[in-house]
Amino acid sequence: MDRNILIKSEGGPLMAEKFNDLAVDIINFEREHQMIDNEIAYGSQLTVERIHDIKSQASVASEEEESLIRRFMQSQG
């Protein structure tokens, strides 16, 4: 499922952007736990480049990748 996120462009109005649930969940998790992509990658055993691609929605996570990421996030509380 996709979620709309409001993003403020430089000097411009808020714009609605569509993000998939996993990308939003990773972004929120990193904010909440003050983590960076490297830590998510290490904890989920994926590459940093893969985490970047998933967050930016350059590509969609496979079921296995999503499972690894979600398992890591759940283990952190």
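These legends accompany several close-up views of one predicted model.

Residues are numbered from 1 along each chain as its sequence is written, and side-chain values rest on heavy atoms, with hydrogens and water left out. Because the model is predicted, local features need pLDDT of at least 70 and side-chain atom pairs count only at pLDDT 80 or more, while totals for chains, interfaces and linings use all residues.

**View 1. The protein chain holds 4 helices and 2 strands.**
Starting at the N terminus, the order of elements is β-β-α-α-α-α. Helices (H or I, at least four residues) and strands (E, at least two) are DSSP runs, numbered from the N terminus. Of the 77 residues in the protein chain, 31% are buried; buried means under 20% relative accessible area, exposed over 50%, and partly exposed in between (1.4 Å probe, protein chains only). Taking contacts between residues at least 6 apart in sequence, 38% join residues at least 24 apart, where contact means heavy atoms within 4.5 Å.

**View 2. Helices α2 and α3 pack at an angle of about 110°.**
Two packed helices are described by the angle between their axes and the distance between the axes. Here α2 covers residues 37–44 and α3 residues 48–56, and their axes are 8 Å apart. That makes the two helices, α2 and α3, roughly perpendicular. Axes are lines fitted to C-alpha atoms, for helices over the stretch in contact, and angles run from 0 to 180 degrees between N-to-C directions. Angles under 35 degrees count as roughly parallel, over 145 as roughly antiparallel, 65 to 115 as roughly perpendicular and the rest as oblique. The crossing of α2 past α3 is right-handed; a crossing is left-handed if the near helix is turned anticlockwise from the far one by less than a right angle, and right-handed if clockwise. On the α2 side, look for D37, N38, I40, A41 and S44, which meet V48, I51, H52 and K55 of α3. These contact residues comprise 4 nonpolar, 3 polar and 2 charged. Ala, Val, Leu, Ile, Met, Phe, Trp, Tyr, Cys and Pro count as nonpolar, Asp, Glu, Lys and Arg as charged, and the others, Gly among them, as polar.

**View 3. K55 forms salt bridges with E30 and with D37.**
Salt bridges number 5 in the whole structure, each being a side-chain nitrogen of Lys or Arg within 4 Å of a carboxyl oxygen of Asp or Glu. Between E30 and K55, the closest N and O atoms are 2.7 Å apart. E30 sits in helix α1 (residues 21–33) and K55 in helix α3, so this pair ties together parts 25 residues apart in sequence. E30 and K55 are both buried. The D37 and K55 side chains meet with an N to O distance of 2.8 Å. Like K55, D37 is buried.

**View 4. R50 of helix α3 meets E65 in a salt bridge.**
The N to O distance between the side chains of E65 and R50 is 2.6 Å. E65 belongs to helix α4 (residues 63–75) and R50 to helix α3, linking distant parts of the chain 15 residues apart. R50 has a relative accessible area of 18% and is buried, and E65 is buried too. Leaving aside residues up to four places away in sequence, R50 touches S59, V60, A61, S62 and E65.

**View 5. Helices α1 and α4 cross at roughly 30°.**
Their axes come within 11 Å. The helices α1 and α4 are therefore roughly parallel to each other, and their crossing is left-handed. D21, L22, D25, I26 and F29 in α1 meet E66, I69, R70, F72 and M73 in α4. This contact of α1 with α4 involves 6 nonpolar, no polar and 4 charged residues. While you are here, look for the salt-bridge network that links D25, E66 and R70.

**View 6. Q45 and Q57 have positive phi values without being glycines.**
Phi is about 65° for Q45, a residue of the loop between α2 and α3. Q45 is exposed, at 72% relative accessible area. For Q57, phi is near 65°, and this residue lies in the loop between α3 and α4. Q57 is partly exposed, with 29% relative accessibility.
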